[in-house]
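Me: I would like to learn how to read the features of a protein model. Please take me through this one.

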Amino acid sequence: MASTPSPVAETAPHLDVLTTLNPPQRAAVTAGDGPLLIFAGAGSGKTRVLTYRIAWLIEQGRARPGEILAVTFTNKAAREMRTRVEQLLQLGATGIWMGTFHAIGARILRRDGSAAGIDRHFVIYDEADRLAAVKRVMDELHLDEKRYPAGGIVTLISRAKDELLSPAEAAARAATPVEEVASQIYMRYQPLLERNRALDFDDLLGRTVRLFQDHPDVLERYQQRFKYILVDEYQDTNKPQYLMVTHLAAKHRNLTVVGDDDQSIYRFRGADIRNILSFERDYPDAQVVKLEQNYRSTQAILDAAHHVIKANASRVAKRLWTERQGGPKIVVAQTYDEQEEALAVAQEALRLVAQGDYSLSDLAVLYRTNAQSRAVEEVLLRRGLPYKLIGGLRFYERREVKDILAYLRLIANPDDTLSFSRVINVPRRKLGEKTLVLLGAFADGHELTPWAALERVSEMAGLPGQALRSLEEFRETLKEVRAAAQERPLVEVVELLLTRIGYERYLRESGPEADERWANVLELRGLASEYDGLAPGEGLQAFLEDVALMSDVDSLDERPQGLTLITVHMVKGLEFRVVFILGMEEGLFPHSRSLDDPAGLEEERRLAYVGMTRAKDRLYLFHTFRRHLYGNANLNIPSRFLKDIPVELVEGSAGLPAGVPASGMAPARAIEAARAAAPLTVVQRYAPGDTVEHKSWGRGSVLKSTLTRTDEELIVKFDRVGMKILAVSLAPIKKV
DNA sequence: CGAAAGGCTCTTTTT
DNA sequence: GAGCCTTTCG
């Protein structure tokens, strides 16, 4: 600390408000009481406005920190906001409730859920747990998973919960056979969770809403407490979230919502864009502020994005502008296939870095589906270019991490039968199916949870001595660790657990990935050590809670330098100087699942808009002529979104009419470089008239053979399945 | 009992 | 291609 007071320390937030904010931002920050709707376009300083407003409210004495509730979309956003408010106020913002809807819901339910019969030590089931639970129910009901995919059932149950439907209500509304089945499963799924003292993600929201509705006294306390409520990313709220906010804000009506209807991209999980579009109807006295000045991108990028988004019907009219006039044109480039696409990205990335203007961490590669990252990764690995892959198999979804977490959850909550099943034979305790069936039957017969059955294992008949000893050992281990959890720091509990179950040795014998797996376990232990400051029992509880609600983007910043590989969904809220968007093709982006659904297409368009507006300086849009999907080669048409971008904004081959073939297109320089780097290797082997034998399609005759850069492409008419396009290097065919 | 092999399906996005 | 499940074999 400097001995003389620094100007910053003396600069109260209200001064900043006057000098460093543009007029609409200032209006939003200093808006008085009552409902306030802020349309915050991409890069318009949204977080700044939110944090300044919170600081301003406190500064002005309108609210104490403890009277403010700020809800964000990710933990990362919450953390950022807290840090920035603290900086502004030069004091702790500890009293402020800040977090995701799910975290806030969990917190409320821990404190007051008992009124609604919710045990305050509930565990939170993630997507995988929920799937396992559904599978278990389907097993009990002897439902064939082939006919009714468990994943689809999970989605349907989740949809019902989004609509706050009870199992009975869902059954009454079931309109299709699948929905009928799903509601039957839901009917058993929910009690299963209750027996396990578990809540799934949807419950964290839905049960909170129900708590508020059934217990006005509880609601009243929270209403009283939160004088000001601020909600970020309001366009992505679903019904339970909407109701949570509505209930909480009903008393003081000091509700500030920030959002951008153009960036609503979570319809598939129940987000309802109408929540933001009808805010003014919900609150006729609402003040409305539009933030349209963008501080991120060049005008060229904004214009291109605007032309893509403006085709949407259901949106509030607005247009971003920036003082960064001009800027390089958008590069639209077609490559032959996804390998060439990846090569082109790598080449261009290297070129930009070599010029000295950018470092790799300024660059991001965006794609619609996680599967697309693979081709890029392969190229980057081969070139030795560092990258960070966001998403995919998440840390908390790795088997070894889930194993340990299941143990910890079972320690925190002996009734968690799903975790019990997961760890009972991990590491191997030589317990066979027979033993587990016996134990299960004993538990059912005495209406016990598996854990309670284990406590009485000596009463069980027909158990081999070996199995009995194994079960008893398992029980004693857990008891010992559970006792430790009551009195020792969490990290020691984890260490004790690992030692007692011999997990390291087990992993070491598990194959080539042993080192990486063990490293993950150690990382988990490291995370646990951050909770050592808390009282022993609480540390475990808090740790499990945070872990359950944690996502991959949350730890994005701590990763080492390199190119960022990320889906368009997860990139929302982030920005990069250079952005490559891959796979701008019909069927991929927009995704095939959306093609026949206008609302789905509008969402795809918003998704494209989100991706494009992440770029500060340069934007590249790639599409391929041919792409492999699930092993098959597809010939792809350029995305309709590309055609919406005016030609004068584009360098390369935009404005393509649908169906134009790849040949004859002027390739961008990146493509040239990629081609130079990967010489032609194939020799022609087929001619029209040749007969071929395909592994699954049988016989056919070759109509046409085209030699491409890296491969030979055949059009074959099969006797049984008709015309197909094949790549010689991939297709399981033989010349006859 | 457990490992290995084979066969099957399903592939959008995820707090 | 990959993960998941079942079957088979040692």
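Reply: Start with a placement: Glu233 lies in the loop between strand E6 (228-231) and helix H13 (239-249). Helices (H or I, at least four residues) and strands (E, at least two) are DSSP runs, numbered from the N terminus. The model is predicted, so local features need pLDDT of at least 70 and side-chain atom pairs count only at pLDDT 80 or more, while totals for chains, interfaces and linings use all residues. Residues are numbered from 1 along each chain as its sequence is written, chains are lettered from A and ligands numbered from 1 in the order in which they are written, and side-chain values use heavy atoms, with hydrogens and water left out.

Me: Which peptide bond is cis?

Reply: The bond from Phe589 to Pro590 is cis, with omega near 10 degrees. Pro590 belongs to the loop between strand E13 (576-581) and helix H28 (598-612).

Me: Where is Ser264, and which residues does it touch?

Reply: Ser264 is in the loop between strand E7 (255-259) and helix H14 (274-277). Contact means heavy atoms within 4.5 Å. Not counting residues up to four places away in sequence, Ser264 touches Gln235, Asp236, Ile273, Glu603 and Arg606.

Me: How many residues does the largest nonpolar core have?

Reply: A nonpolar core is a set of buried Ala, Val, Leu, Ile, Met, Phe, Trp, Tyr and Cys residues joined through side-chain atoms within 4.5 Å. The largest here has 52 residues. Those with the most contacts inside this core are Ile404, Leu405, Leu408, Phe474, Tyr503 and Phe543. Helix H19 (residues 399-412) gives the largest share of this core, 9 residues. A second, separate core has 42 residues, including Val71, Ile124, Leu248 and Leu549.

Me: Why is strand E12 described as largely enclosed?

Reply: In strand E12 (residues 563-567), 5 of the 5 residues are buried, so the rest of the structure largely encloses this strand. Both faces are covered: Leu563, Leu565 and Thr567 are buried on one side, Thr564 and Ile566 on the other.

Me: Which strands pair with E12?

Reply: Two strands pair if DSSP finds at least two bridges between them. Strand E10 (residues 363-367) pairs with E12 in the parallel sense over 4 bridges. Tyr367 stands opposite Thr567 in E12. Strand E11 (residues 387-389) and E12 pair in the parallel sense over 3 bridges. Tyr387 stands opposite Leu563 in E12.

Methods. Buried means under 20% relative accessible area, exposed over 50%, partly exposed in between (1.4 Å probe, protein chains only).
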